[in-house]
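User: I am new to this structure and would like to learn how to read it, beginning with a single residue and then moving out to the whole chain. Could you take me through it step by step?

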Amino acid sequence: MQILFFSTAHNSLSQRAFIELTDLGHKVYVQIASDEHSMINAANHYKPDLIVAPFLKKYIPQTIWSHYTCIIIHPGIKGDRGPSSLDWAILNEETEWGVTLLQANDKLDGGDIWASHNFTMNSVSKSYLYRHEVTEAAIKCLLETISKYESGEFVPEKLNYNQNDIKGREHKPMKQKYRSIDWLESTAMISKKIRSADSQPGLLDTIYGENFYLYGVHEENNLKGTPGEIIAKRNGAICRATGDGAVWITHLKRKDQGNSIYFKLPATQVLGDKIRNIPELPVDNSVKDDTFKEIWYEEKNKVGYLHFEFYNGAMSTKQCLRLKEAFLKARKRNTKVIVLMGGSDFWSNGIHLNVIEAADNPSDESWKNINAINNLIKEIILTDTHIVISAMQGNAAAGGVILALAADKVFARNGIVLNPHYKKMGLYGSEYWTYLLPKRIGEQKSIEITNNCLPMSTKTAKKIGLIDDMFDSILFKNKIVKTAESLAISPLYKKFLKDKQYKRKEGEKIKPLETYRKEELSQMWDNFYGPDKSYHIKRKQFVYKLSCTNT
């Protein structure tokens, strides 16, 4: 079928839906629905068999839904209506929630129901819930709906609140006053409120008399202080005391004022000199406790597991340096295998565009950041004392995908979305991609995927050799542990290392790693400092979330 997406942004759900349908052979077009005209023009141009709205904040015009079957993906149980579905579900501590696919009509979320799947709620942020439970339920519903539509026989269910299985209700839009914080409240209550607003729009609060949106909350089980007081800082985050403990907040955004528009940044960077006297607290990355950690390490049965959970997958210069230090420390351990676990939400999205945008000189910070991630990847490539595994639990893009390819073995959680390309950000790319990508998939395929700039499924990634294998979500970590421990005790372990060392030496003779790096960085230098400002323009559009209208 020919399917047209209307989406406010081509976000994680929209991309996942795109790859699922294209893998099935459907032709999918994505229209950024900035206004009615863009939707009408796209419908008239493509004349699709079906229209799907994976993530839409605007109404589909009647001229479209009266002519085409338009399916809305709504993140709520049957009968749930309104734009703040997940916010209310988290705030109300619902134990079960779901996703419903319904047909667009003249009532907001009131159309006929095509499919619905529920899931168990967990104490996670709205963004995490959206990228995991909501996305998985939405894809089940979407594939079911496509099958029903193709049959030509299915009659969608009318929304009838008298039916026993219709448990949802219409709710009002979430406002900041409904989840405002009293810092005398418990850590659990405050955490819940912040999670209900993360990653958008953030929870509005006051710090030192200024209004900020709060993001990235982590509970703290040891520190205490005067409720509301900032009592510590660590790796860009601040710790604020609650009524019965404390929470860490990793990111802040100043509230826009007049013509001044702000964006998310690490909390300590936003507050600057205001917290210069707040103590910086180190953390033991090998101890399991409830506190804020971006990087932590575990070890068992000759296998070291290096976790790195960076907010939204972005890796600043400082974060790259810390991760490289942690990797080198892990490499010195008496182990045989190192598993790069990444985070449960994201693997990595490469350099940190927000931190770069906020720098006094974005070109200089871009250069520092790309060299920092290059240095990390170089150490992984040159590791000849261990087998290195990349275990991709979450979505990855640009240099983050290439980071994974630096390992000897690459495994991914089935269903994550990969974007192994740079051009959409106006960049040539670095991270040794001109070595690592062709090494896995060949020169021709490398050129194809870096030029087409399309999201890729794990199924496709495995088929072309970008990854070695994929495992289902529930079994993923167990599969990784089993695979890593099997390699550690394998009788072929020493041979694997010898072959690895030999191939690297032979590769170095053909073309040194440093040559790949210099060639890539010469292009990146032009991107950062040259007359073509595409990268700087696209970065600003990304950071400030400026809308576009392209298909």
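Analyst: Let us begin with Asp 205, which in this predicted model is found in strand S7, a strand covering residues 203-207.

User: Is Asp 205 buried or exposed?

Analyst: A residue is judged by its relative accessible area, and under 20% is read as buried. Asp 205 has a relative accessible area of 10%, and therefore counts as buried.

User: Which side chain makes a polar contact with the side chain of Asp 205?

Analyst: For this we look for a pair of N or O atoms within 3.5 Å. Here the partner is the side chain of Arg 240, at 2.7 Å from that of Asp 205. Arg 240 is also among the residues that Asp 205 touches once those up to four places away in sequence are set aside, and the list includes Ile 181, Trp 183, Phe 212 and Leu 214 as well.

User: How many helices and strands does the protein chain have?

Analyst: Its secondary structure comprises 18 helices and 21 strands, and 54% of its 551 residues count as buried.

Conventions. Residues numbered from 1 in each chain as written. Predicted model: local features only at pLDDT ≥ 70, side-chain atom pairs only at ≥ 80, totals over all residues. Heavy atoms only, no water. Helix = DSSP H or I, 4+ residues; strand = E, 2+ residues; numbered from the N terminus. Buried < 20%, exposed > 50% of the residue type's maximum accessible area, 1.4 Å probe, protein only. Polar contact = N/O pair within 3.5 Å; in protein donor to acceptor, adjacent residues only side chain to side chain. Contact = heavy atoms within 4.5 Å.
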